[in-house]
Amino acid sequence: MCKSCGMIYTASNPEDELQHVQHHHRFLEGIKYPGWKKERVVAEFWDGKIVLVLPHDPSYAIKKVEDVQELVDSELGFQQVVPRCPDKTKTFLFISDEKKVVGCLIAEPIKQAFRVLSEPTGAESPSSKECHRAWQCSNVPVPAVCGISRIWVFRLKRRKRIARRLVDTLRNRFMFGCFLSIDEIAFSDPTPDGKLFATKYCNTPNFLVYNFNS
């Protein structure tokens with residue numbers, strides 16, 4: 001595993017080595033954070049800070065978000081999903097003290113979500129939506145306010161509570177003057193890792209999801 005970009009590859013394989021060189025350069029360029037004069041710091045920690053980027057921010061900030069999102073999408077195996085309301089998305093970047101983007105959370109306003117079911121009730125059950133993922137959810141919508149479209153932490157920086165701090169900051173900053181409850185946030189089509197994180201963060205396997213392929 002490369003200690004800089006986190007890619008796992010076979011060192012003796014020329015094709016693997018070439019792929020690594022290409023990924024390494026693209027990845028390190030993508031997460032490099034030069035610092036901006038007008039940055040919106042919404043939280044500060046001993047090991048870094050969280051910067052919020054909004055849709056009408058200067059082009060250099062938007063370009064960095066696009067670069068990071070491209071890396072995130074390829075790592076999570078997402079296709080480019082166009083946000084429902086591009087002018088209302090909020091992107092939270094966790095910047096390490098080494099001036100690198102090591103965490104990213106993209107959030108959007110939503111009106112409803114669906115609760116993940118604890119026990120699979122069988123593929124033909126009329127009360128659930130069978131997904132190609134490792135979870136099933138109810139088909140009864142519940143009101144929700146904020147959708148987490150993506151949440152990602154750089155592989156070499158995991159287990160440092162970065163994802164938790166991103167969600168805490170999101171809940172504090174998504175709506176002016178109010179701290180969102182767990183029941184007001186939903187996760188978009190979580191990967192198995194995302195499901196583990198959401199279960200741990202929400203303290204229940206029955207967290208809310210939205211925007212999945214049914």
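Two strands count as paired if DSSP finds at least two bridges between them. With that in mind, welcome to this predicted model, in which local features need pLDDT of at least 70, side-chain atom pairs count only at pLDDT 80 or more, and totals for chains, interfaces and linings use all residues. Residues are numbered from 1 along each chain as its sequence is written, and side-chain values use heavy atoms, leaving out hydrogens and water. Helices (H or I, at least four residues) and strands (E, at least two) are DSSP runs, numbered from the N terminus.

**The sheet**

- Nine strands make up an open sheet with mixed pairing, in the order β1-β2-β3-β4-β9-β10-β11-β5-β8.
- β1 and β8 (142–143) are the edge strands, each with a single partner, so one side of each has no neighbour in the sheet.
- Seven bridges pair β4 (residues 101–109) with β9 (residues 146–153) in the antiparallel sense, and glutamate 108 has glycine 147 in β9 as its bridge partner.
- Helix α2 packs on the sheet and touches β2 (48–53), β3 (90–96), β4 and β9 (contact means heavy atoms within 4.5 Å).
- The direction of α2 makes about 75° with that of β9; axes are lines fitted to C-alpha atoms, for helices over the stretch in contact, and angles run from 0 to 180 degrees between N-to-C directions.

**A look at β3**

- Seven of the seven residues of β3 are buried (under 20% relative accessible area; exposed is over 50%, partly exposed in between, with a 1.4 Å probe and protein chains only).
- Lys90, Phe92, Phe94 and Ser96 point one way from β3, while Thr91, Leu93 and Ile95 point the other way.
- β3 pairs antiparallel with β2 over six bridges, and valine 51 has leucine 93 in β3 as its partner.
- β3 and β4 form a hairpin with four residues between them, and lysine 99 in the turn has a positive phi of about 60°.

**Rings and charges**

- Tryptophan 36 and tyrosine 60 form a tilted pair, 5.7 Å centre to centre with 55° between the planes.
- Tryptophan 36 is in the loop between α1 (14–31) and β1 (41–45) and tyrosine 60 in α2 (residues 59–76), so this pair ties together parts 24 residues apart in sequence.
- Tryptophan 36 is buried at 12% relative accessibility, whereas tyrosine 60 is partly exposed at 37%.
- The charged end of lysine 90 sits over the ring of phenylalanine 174, 5.0 Å from its centre (the rule: NZ of Lys or CZ of Arg within 6 Å of the ring centre and within 35 degrees of the ring normal).

Note on methods
Rings of Phe, Tyr and Trp (its six-membered ring) pair if their centres lie within 6.5 Å; planes under 30 degrees apart count as stacked, over 60 as edge-to-face and the rest as tilted.
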